[in-house]
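Colleague: Please pick one part of this model and take me through it closely. Then show me how it sits in the rest of the chain.

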Amino acid sequence: VATQYEFNDVEKIGLLKMDFLGLDNVNVIAETVRLVRETRGIELDIGRIPLDDARTFELLSQGLSLGTFQLESSLYQGLLRRLKPSSIHDVMALMALGRPGPLASGGTDLYIKRKNGEEPVEYLHPKLAELTKSTYGILLYQETCMRAAGILAGYSPGEQDKLRKVIGKKLASEIPAQREKFISGCIGNGLDEAKAQEIWTNIETFGSYGFNAAHSAAYGLLSYQTAYLKANYTPEYLCALLTCFFDNTDKLAVYLEEAKRFGVEVLPPDVNESRARFALVNGKIRFGLAAIKNVGEAAVNELLRARSEGGPFRSPLDLCRRVNLVRTALESLIKSGALDCFGHTRASLLAGLEALLEAARKGPANGRGLFDQRVLAAAEPPFKLPSLPEYPKEELLAME
């Protein structure tokens, strides 16, 4: 059953609300695994990678997390450098520590200081020591808040879940009743009112913007997997990133810079060497033709088909005769450097663009036999591009 009603009303009549996430990062992982198999002959099982890999934690501790799941923002890069994660549990905790609740309450700073031994671990109540031992005494997850209500205020499992909903979904009208119930329950279990109020404030602050532990675990594991691949299979991972985000110009620019930062050379596009997407060639990344603006996947597919069937293109004219390219597509290929392989300057190619297209239109039609093409080509006057010096470097970079 599908509905467009607001989820609280849906749940009240007994229907189940589910969220489905489509994550590009899963595609990146799959593409990396494929590239590792293709380039190194290693069959990588992402579900069986070691969860205590030193190179992964070193990469994360330096904040080199660009391109990893959930951890690539400047906020998380800073948190990683401060926290210096040393276990998968630290990565999972980071998923919750970067949320508004812990950040606003100071819980994130407290967690980092206690983890690094800069402050002693203190518990809100001795009865919560075992429950919050792994999070250094902090009520970090929704489940922790729920269990605390059970331990200190006698909440049943059903009442704990109700508390989670009221706080997590910010049902303001029901919070006063929950506050009164919690504090009276704590007092009934021997806590003084001031301590009960302090613990309630913690629960309300963390719970309002907190992650649940299962969510943090799943996200944290995916984050670790992407970081592991980046740390141990850097060229393959960066190539997979560029391939999966080839149509996102902003991310493409950032990830190309990241490749340079990690010493992975990115080769320019080339009509005789490039594939549709980014490809690894001897540890270097070859720019994909489909990532060039105004070219389009249909034109790229036609170009690759022509190259596969008839071999490498011998000249700009040979390219234009064998592939039906519109002016804007050809212009973009020239500006990106994809036709540099023919030995002409881009200035010459752009200046002779109209004449090139005209000569291609008048030349042998596609689909004729090789003998016919040779006869017709021999009867034609030779085509020459104008000979011009190359543009200044600044102009070439602007074109690219």
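**A helix and its surroundings**

Modeller: Start with E297, which counts as partly exposed because its relative accessibility is 38%. On this scale, buried means under 20% relative accessible area, exposed means over 50%, and partly exposed lies in between, with a 1.4 Å probe and protein chains only. The model is predicted, so local features need pLDDT of at least 70 and side-chain atom pairs count only at pLDDT 80 or more, while totals for chains, interfaces and linings use all residues. Residues are numbered from 1 along each chain as its sequence is written, and side-chain values use heavy atoms, with hydrogens and water left out.

E297 makes a salt bridge with R277, at 3.4 Å from N to O. E297 lies in helix α15, and R277 lies in the loop between β1 (266-267) and β2 (279-281), so the pair ties together parts that are 20 residues apart in sequence. A salt bridge here is a side-chain nitrogen of Lys or Arg within 4 Å of a carboxyl oxygen of Asp or Glu. Helices (H or I, at least four residues) and strands (E, at least two) are DSSP runs, numbered from the N terminus. R277 also counts as partly exposed, because its relative accessibility is 30%.

Now the helix itself. α15 covers residues 297-310, which is 14 residues. From first C-alpha to last, α15 reaches 20 Å, close to the 20 Å expected at 1.5 Å a residue. The expected span is 1.5 Å times one less than the number of residues in the helix.

Which residues of α15 are buried? They are A299, V300, L303, A306 and R307. Seen down the axis of α15, these buried residues fall within an arc of 130°, so they line one face of the helix. The arc is that of the directions from the helix axis to the C-beta atoms. On the other side of α15, A298, S308 and E309 are exposed. The cover over the buried residues of α15 includes α16 (316-322). After α15 comes G311, with a positive phi near 85°.

Compare another helix, α2. It covers residues 24-40, which is 17 residues, and reaches 24 Å from first C-alpha to last. That is close to the 24 Å expected. The buried residues in α2 include N25, V28, I29 and E31. T32, V33, L35 and V36 of α2 are buried too. The buried residues of α2 pack against α12 (213-232) and α13 (234-244). G41 follows α2, and its phi is positive, near 70°.

E31, R34, E38 and R275 are linked in a network of them. R37 pairs with E43, where the closest N and O atoms are 3.1 Å apart. E43 is exposed, because its relative accessible area is 58%. R37 is partly exposed, at 37%.

Another pair is K230 and E258, with the closest N and O atoms 2.6 Å apart. This pair links distant parts of the chain: K230 is in helix α12 and E258 in helix α14 (residues 249-261), 28 residues apart. K230 is buried, with a relative accessible area of 0%. E258 counts as buried because its relative accessibility is 3%. The structure holds 28 salt bridges.

Next, a loop. K169 sits between α9 (157-168) and α10 (175-188). At 28% relative accessibility, K169 counts as partly exposed. K169 touches F7, N8 and R164, leaving aside residues up to four places away in sequence. Contact means heavy atoms within 4.5 Å. K169 and N8 are 161 residues apart in sequence, with their C-alpha atoms 9.5 Å apart in space.

Finally, step back to the chain. The chain has 21 helices and three strands. Its radius of gyration is 30 Å, well over the 21 Å that the globule rule gives for 400 residues, so the chain is more spread out than a compact globule. That radius is taken over C-alpha atoms, and the globule rule is 2.2 Å times the number of residues to the power 0.38. The C-alpha trace spans about 105 × 50 × 40 Å along its principal axes. Of the 400 residues, 46% are buried. Among contacts with a separation of 6 or more, 61% join residues 24 or more positions apart.
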